[in-house]
Structure formats: C-alpha cells, structure tokens
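Please examine the sequence and the structure shown below.

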Amino acid sequence: QVHLDESGGGLVQAGGSLRLTCTATGHTDGLSKMGWFRQAPGKNREFVARILWSSRITAYGLSVEDRFTISRDNASSTAYLQMNDLKPEDTAVYYCTSSDVIKAGEWEYWGQGTQITVSS
C-alpha cells in the first residue's frame, strides 16, 4: 500500500506563489505517476496536474497550465506542485494522488488533502 503525505498548503495573497510537496511511502516500487486534483466548495473535483514517473511527461488542467508546474525528486518518491500567480479561484482543497499504472484515469492512492486559500 502507498501512503501519501502532503505539505505546503496555507493562505496566500493573489499573485503570490506556493509550492506543494507530496511524498509517497510504503510500496512505491511500482509508482508510475503522481499528481494533484482540487475541489472547491460547490464544485466537482478538478484535475490540476500529473507527472509520469519515468519519462517525466507532464499534463495540466486548462485553468492552471500557464501558471503551475509539476516536478519530481530524483532521490525520493516525491512530487512538487509549484503554483505561481495564484488567483482567488484557485482556492480549494488540493489532493495529492498517485497510481501504479500509467493509464489515464487511474488514481488509486490519495492524500488527505490540504487547503489552499488565495485572498484578493
């Protein structure tokens, strides 16, 4: 089983930057991808970003693709989400997620979520 630990959430002013960290522990040998989703009050969960572990190919949701960057650490099963030019509409609970398969839509492991609040 894979356990995901998130950090980096908090309050930030519009236009500011924040970096989220997600570290996977447990049975991580088969880790194929990691990413983030977010969910704002009254809205469905939204895809934010993901990175394929071996190739480092990335993908982003349309609302964040010009402002957010996902990356991974060579030394550990850790992914980062660098968020720049944050907007109030980015306010949401952000969830780290991972999968042992590359197939799109497969996200079997989830973190507890971390609140991001962007004030104007």
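**Charged pairs and their surroundings**

Arg67 is buried, its relative accessible area being 11%; buried means under 20% relative accessible area, exposed over 50%, and partly exposed in between, computed with a 1.4 Å probe on protein chains only. The model is predicted, so local features need pLDDT of at least 70 and side-chain atom pairs count only at pLDDT 80 or more, while totals for chains, interfaces and linings use all residues. Residues are numbered from 1 along each chain as its sequence is written, and side-chain values use heavy atoms, with hydrogens and water left out.

Side chains of opposite charge can pair when their charged atoms come close. A salt bridge is defined as a side-chain nitrogen of Lys or Arg within 4 Å of a carboxyl oxygen of Asp or Glu. Four salt bridges are found in a search of the whole structure.

One of them joins Asp90 to Arg67, with the closest N and O atoms 2.7 Å apart. Asp90 lies in the loop between E8 and E9, and Arg67 in the loop between strand E6 (58-60) and strand E7 (68-72), so the pair ties together parts that are 23 residues apart in sequence. Strands (E, at least two residues) are DSSP runs, numbered from the N terminus. Asp90 is buried, with a relative accessible area of 0%.

Asp90 also forms a salt bridge with Arg38, the closest N and O atoms being 2.9 Å apart. This pair links distant parts of the chain, 52 residues apart, with Arg38 in strand E4 (residues 33-39). Arg38 is buried, at 5% relative accessible area.

Lys87 forms a salt bridge with Asp85, at 3.6 Å between the closest N and O atoms. Lys87 is partly exposed at 29%, and Asp85 is partly exposed at 39%. Through shared partners, salt bridges join Arg38, Glu46, Arg67 and Asp90 into one network.

Conventions:
Helices (H or I, at least four residues) and strands (E, at least two) are DSSP runs, numbered from the N terminus.
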